[in-house]
Amino acid sequence: MEYKYLPRSNAPTLLFRKWPIEPGLRTSGTRKVVFLGHSQPTHSGMLTKIAEGFRNAGWEAHSGDIRGHGNSTDSNSVLGHLDHKTGWSGAIDDMRLLLEKSFEGTDWEDRLIVVPNITALLTLEVMKNWPDIARHIVLISPPPNQKALALMGKTFSQVRMRLKGPNEPDEQPLHHLYSFLGSHLNERQHPADVMSSDRAIIQSVIDDPLAWPTPTSAYWSSIFNGMLSAWKWTENAQMKAGTRCLVMFGGEDAMLRSGGFLAPIERFLRNVGIEDVASERVDGARSALFLEEERFEVSRRILDWVNEKNRPEADHDEVDAAQLASEVLASINASDRSNLTPDELVELCYNAIDDESRWNEIIFRMIYDAERSGDLAEEELTDRISRLMPHWERAFQLNRQVMMNATLGVLLQSVVDRLQIGVAILDKDGDLLHANGTYEDAIAALCSSSMNEDRQNDIRVAAVTRRLLATNAKSAPTQRNTDEQVLLFEERPVGFQFFPQALKQTSLQRQGPASIVILRAGDAGAEAGETRRVLSELAYGLTGKEAEIALAVASGKSLDEIAGDMEILVSTVRGHLKKAFHKMDVHSQAELAARIMSGPLGWLR
């Protein structure tokens with residue numbers, strides 16, 4: 001893979017990627033080029049596998065990051081932000097430039113575009129003034145042309161802009177959007193589960209420092225404005241005759257609701273002159289199927305369509321936004337779907353403190369009422385959300401606080417204050433949320449032994465913890481909320497930082513618990529059996545029995561010895577050990593021992 005930056009005046013520099021054809025892989029004398037787009041929570045660096053799938057079939061692959069995504073950022077277009085006035089038009093310019101660079105010197109019939117989500121919308125915008133952009137166009141899980149959905153998102157984000165400002169990251173729209181998209185899923189561990197059912201894929205997105213940002217309110221306002229704009233063409237706008245389009249979506253797709261929103265998209269594409277419109281449902285996939293090349297062979301499916309070896313036609317029952325809202329409201333027992341009074345909507349907000357499905361109920365009720373009445377007046381919807389937003393904001397913050405307090409309460413009660421070592425809980429920015437007394441003593445000992453009297457004002461637990469993290473960040477930068485690291489103080493190891501699985505959800509919140517720092521507090525405490533067991537429960541999410549068995553295995557005991565010591569069957573030991581393997585992502589006793597010795601328990605010893 002090759003990459004370069006495309007500098008421009010008065011616009012962010014764009015990262016542009018290319019996966020050139022290896023010698024001997026070109027299948028014909030012509031140069032065939034595919035452009036690959038990214039989605040809202042991803043970037044072009046995550047497209048290598050699908051790019052290689054096309055490259056191995058003789059297609060030169062190109063991609064790039066739209067402003068506010070991946071590496072295409074600057075002081076005005078930071079990660080997760082688009083300007084609320086010019087962001088969408090600027091993103092269209094970005095898309096046009098990336099496509100122009102990709103298709104330079106390539107004939108129309110040898111061009112292929114594969115674009116999901118936000119880049120699907122941007123491609124539709126570029127198509128308005130570039131009718132011969134490419135012979136083959138694939139839209140993967142495009143945001144649907146349902147006006148009520150876009151208008152709801154637009155008005156909500158604009159009200160949020162007035163409340164929070166346009167340029168600050170805002171967790172609430174992100175949370176509600178992905179909860180809305182995932183309302184049809186039976187089980188969700190994380191909002192990003194709407195992208196894939198593969199936990200490894202979801203974790204890779206969450207852990208990527210350039211992916212899954214918390215966007216600003218202005219970002220969402222731009223996106224929903226774009227959703228309204230992309231599907232609105234002038235009457236005489238037509239694509240070049242012979243242009244083909246494939247709409248691909250997952251069988252568990254949140255964006256197209258399993259194909260329910262597909263029919264109006266197909267009608268739109270035919271109305272703009274694309275006579276050959278096909279659709280393919282990929283069973284088992286969700287909206288980010290483009291990240292799952294190995295599982296679904298996405299490039300092979302697309303090339304079979306390009307080469308006319310297969311013309312997929314997905315069966316689907318058409319639904320509109322009102323039908324969708326009605327079905328969802330019925331599924332959550334909101335059988336009375338008539339207009340609620342303002343007081344009843346406020347009550348729903350505060351009910352959501354303990355039951356988050358109530359926020360989805362409010363959103364679906366508003367969509368249902370607007371679609372059913374045929375009145376999509378933006379001013380009325382904006383006024384309704386504006387009146388409700390102070391209560392919505394208060395309820396959301398209370399919900400976040402309840403969740404964080406619950407997590408902290410469990411940690412404080414069952415873990416932190418029971419350990420005989422210094423333990424501190426930090427948020428994702430490294431700010432101290434709680435420290436036990438042993439940790440404070442350890443920090444005081446560090447300060448008194450190494451700091452001059454004129455620095456006594458800095459002898460505070462939070463300040464010294466910050467300094468520890470800052471010192472180590474300079475020498476060993478880590479990815480966001482993923483890596484363990486030894487903490488050095490004056491070039492000697494004094495502590496260890498790790499990010500427990502139990503804190504993955506709360507780490508997404510502002511000031512939510514994200515990581516644990518431990519400091520040595522004497523050999524006796526460090527070697528206490530209870531401390532080691534409880535710390536392994538916290539670090540790896542093990543139960544008490546799983547932790548006890550894992551530690552015994554790491555110490556070199558056989559399964560028979562462990563069974564005898566614990567007075568249980570060997571088969572029971574194996575069952576607990578198998579679960580520990582899964583939670584710790586290891587496959588053998590040797591890997592388990594190495595995992596423990598390389599983490600906080602090994603460091604303590």
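Tutor: Happy to; we will take the sheet, then the helices, then a pair of rings. Keep in mind that this is a predicted model.

Student: How should I read the sheet, and what is the order of its strands?

Tutor: Start with the general idea: strands of a sheet pair through backbone hydrogen bonds, either parallel or antiparallel. Here eight strands form an open sheet with mixed pairing, in the order β1-β2-β4-β3-β5-β6-β7-β8. Its edge strands are β1 (2-6) and β8 (276-282), each of which pairs on one side only. From one strand to the next, the twist averages 20 degrees.

Student: Which residue stands opposite Val33 in β4?

Tutor: That is Glu60. Strand β3 (residues 33-36) and strand β4 (residues 60-64) are joined in the parallel sense over four bridges.

Student: And in which sense do β9 and β10 run?

Tutor: Antiparallel: three bridges join β9 (residues 422-427) to β10 (residues 432-435). Ala424 stands opposite Ala435 in β10. In this hairpin four residues lie between the strands, and Gly430 has a positive phi near 85 degrees.

Student: Which strands does helix α3 lie across?

Tutor: Helix α3 (residues 117-127) lies across β5 (111-116) and β6 (136-140), and runs at about 130 degrees to β5.

Student: Now two helices together. At what angle do α4 and α7 pack?

Tutor: Helix α4 (residues 147-164) and helix α7 (residues 217-230) pack at about 155 degrees, with their axes 8 Å apart. Angles over 145 degrees count as roughly antiparallel, so that is how α4 and α7 lie relative to each other. The crossing of α4 past α7 is left-handed.

Student: Which residues meet there?

Tutor: On the α4 side they include Leu149, Leu151, Lys154 and Met161, and on the α7 side Trp220, Phe224 and Leu228 are among them. Sorted by class, this contact has nine nonpolar, six polar and three charged residues.

Student: Last, the rings. How many aromatic pairs are there?

Tutor: The count comes to ten, taking rings with centres within 6.5 Å as pairs. Let us work through one of them, Trp233 with Phe268: the ring centres are 5.7 Å apart and the planes are at 90 degrees, so this pair is edge-to-face. The pair also links distant parts of the chain, 35 residues apart. Trp233 sits in the loop between α7 and β7 (244-250), while Phe268 belongs to helix α8 (residues 262-271).

Notes. Residues numbered from 1 in each chain as written. Predicted model: local features only at pLDDT ≥ 70, side-chain atom pairs only at ≥ 80, totals over all residues. Heavy atoms only, no water. Axes fitted to C-alpha atoms, helices over the stretch in contact; angles between N-to-C directions. Parallel < 35°, antiparallel > 145°, perpendicular 65-115°, else oblique. Left-handed = near helix turned anticlockwise from the far one by under 90°. Contact = heavy atoms within 4.5 Å. Nonpolar A, V, L, I, M, F, W, Y, C, P; charged D, E, K, R; others polar. Pairing = 2+ DSSP bridges. Phe/Tyr/Trp six-rings, centres within 6.5 Å; stacked < 30°, edge-to-face > 60°.
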